[in-house]
Amino acid sequence: DEQIERERESQRLSGGCCALAAVYLMGKFYVANAGDSRAIIIRNGEIIPMSREFTPETERQRLQFLAFLRPELLGKEFTHLEFPRRIQPKELGKKMLYRDQNMNGWAYKKIEEDDLKFPLIYGEGKKARVMATIGVTRGLGDHDLKVFSSNIHIKPFLSCFPEVRVYDLTQYEHCPDDVLVLGTDGLWDVTNDTEVAGVVMEVLTSYEPNDPCRYTMVAQELVVRSRGVLKERGWRLANDKLGSGDDISVFVIPLGGPGNYT
């Protein structure tokens, strides 16, 4: 992240990205995630999560705590408190549910002038944004990202530090159908863990266990199904819902060893 900051002028690069990495070292898989990509292991039909997404919703308390400690980062335009909805000026003096950096549940407070500011975290699900700007809270880059039409920097709220989970390969006897799946949010926005596992098993069983192409074909099938088919009303999935509008990158890595390919 620091290297990207140093080189952003010489390389004329702006923007940022999420990062999901898997490292195999001395019999263990280390999966590091910074962003909203996801990794799962499918072992004997069982789904084992190897990461979690970092979004304004999942990191609400960290973001609010930073804003509480350093209110100058909010530029006098935002409040670190969260409310169920935007507060209207006519509601001054009334009571409304809220929560701060210390709260999991909600409590009531009397609405004050400062509460009329735009919330630090606004929206729900995929529409949740930090300062109405970005929907992921960990990743690399975005050093120059600012709130629209302002001089308020968002980078202080974004973290480049990944969460790392470890999987010990030596603890289990893995078969050729046991895999690690890495995917960007374009996959997971429209396909859940169970559906991904279903595609994995469906495609793998249609190939010989020693065919090295079988894992590439699984990844390709996951991408194709998540993108959908182009119809009059746009890209559609098999259930006629909208296909993924984001980039879809997928890796499928076998855990059962290289096999005896012929």
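Mentor: Please keep in mind that this is a predicted model, in which local features need pLDDT of at least 70 and side-chain atom pairs count only at pLDDT 80 or more, while totals for chains, interfaces and linings use all residues. Residues are numbered from 1 along each chain as its sequence is written, and side-chain values use heavy atoms, with hydrogens and water left out.

Trainee: Why is the pair of Tyr-24 and Phe-29 called edge-to-face?

Mentor: A pair of aromatic rings is described by the distance of the centres and the angle of the planes. Rings of Phe, Tyr and Trp (its six-membered ring) pair if their centres lie within 6.5 Å, and planes under 30 degrees apart count as stacked, over 60 as edge-to-face and the rest as tilted. The rings of Tyr-24 and Phe-29 have 5.9 Å between centres and 65° between planes, so they are a pair and the pair is edge-to-face. A search of the whole structure finds 4 aromatic pairs.

Trainee: What makes Phe-118 and Tyr-122 a tilted pair?

Mentor: Their centres are 4.9 Å apart and their planes stand at 55°, so the pair falls in the tilted class. Ring pairs also join Phe-118 and Tyr-122 with Phe-78 in a cluster.

Trainee: How do you know whether Phe-29 is buried or exposed?

Mentor: Buried means under 20% relative accessible area, exposed means over 50%, and partly exposed lies in between (1.4 Å probe, protein chains only). Phe-29 has 8%, so it is buried, whereas its ring partner Tyr-24 has 52% and therefore counts as exposed.

Trainee: Why are Phe-118 and Tyr-122 given the label they have?

Mentor: Phe-118 has 22% relative accessibility and so counts as partly exposed, and Tyr-122, with 36%, therefore counts as partly exposed too. Over the chain of 262 residues, 40% count as buried.
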